[in-house]
Amino acid sequence: MKVAVTGGIGCGKSYVCGFLRRRGIDVYDCDSAAKRLMRTSLSMQDSIRKLIGAAAYTDDGILDKAVVSRFLLASPDNAARLNSIVHPAVAADFEASGMQWMECAILFTSSFDRLVDRVVCVTAPLELRLNRIMERDGISRDRALEWIECQMPQEEVLRRSDFEIVNDGTADVDMQIARLLESLF
């Protein structure tokens with residue numbers, strides 16, 4: 001059985017996946033994999049250069065985040081165009097990894113939900129998410145809110161999921177994960 005852990009920015013996916021890893025469960029991190037593939041896959045680099053331009057990578061082969069950011073902000077269609085390169089590569093890499101668990105913030109918008117049998121949504125109240133993001137990234141409340149608003153609403157992600165882990169600062173997250181593991185296996 002393949003299981004995805006998802007949820008919006010600041011909800012605590014990384015905490016849940018860290019707990020799973022401490023229990024000996026390998027968890028494929030889609031975000032890290034995308035960054036690794038953009039750094040190491042020559043075919044992906046070629047495709048990104050064709051899409052964005054040669055300046056997308058430095059002479060040393062390092063992705064120029066400022067150039068990519070400008071490209072993404074230039075048009076709403078640009079994110080979809082870049083995702084059409086990155087998402088298939090990440091999906092193939094996950095399938096080749098042999099791992100049964102994945103962490104993916106954009107599970108439904110990337111259509112990665114088709115790669116798994118069950119979905120676990122980690123939820124947290126908006127104010128707590130905002131505080132976590134601001135503290136973690138050293139950004140303003142407005143910027144943190146922009147990031148949250150760029151993602152699918154938490155209620156919709158939860159509606160499409162099979163399980164919920166409430167990470168509100170008071171609920172026992174470890175106990176919820178233990179119960180989840182018992183119900184899955």
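User: What makes a residue count as buried here, and what share of the chain is buried?

Analyst: Buried means under 20% relative accessible area, with a 1.4 Å probe and protein chains only. By that cut-off, buried residues make up 41% of the 185 residues in the chain. Please keep in mind that this is a predicted model, where local features need pLDDT of at least 70, side-chain atom pairs count only at pLDDT 80 or more, and totals for chains, interfaces and linings use all residues. Residues are numbered from 1 along each chain as its sequence is written, and side-chain values use heavy atoms, leaving out hydrogens and water.

User: How do you know whether the radius of gyration agrees with a compact globule?

Analyst: The rule is 2.2 Å times the number of residues to the power 0.38, and the radius is taken over C-alpha atoms. For 185 residues a compact globule would be near 16 Å; the chain has 17 Å, so the two agree.

User: Why is one space called a cavity and another a pocket?

Analyst: On a 1 Å grid over the protein atoms alone, a 1.4 Å probe fits in a cavity but cannot get out, whereas a pocket is an open set with protein on both sides within 12 Å along at least five of seven lines. The search finds 1 cavity of 30 Å³ or more, while the largest pocket holds about 2100 Å³.

Technical notes
On a 1 Å grid over the protein atoms alone, a cavity is a set of points where a 1.4 Å probe fits but cannot get out, and a pocket is an open set with protein on both sides within 12 Å along at least five of seven lines; lining residues have an atom within 4 Å of a point. Grid points are joined across faces, edges and corners, and a volume is the space filled by probe spheres set on the points. Buried means under 20% relative accessible area, exposed over 50%, partly exposed in between (1.4 Å probe, protein chains only).
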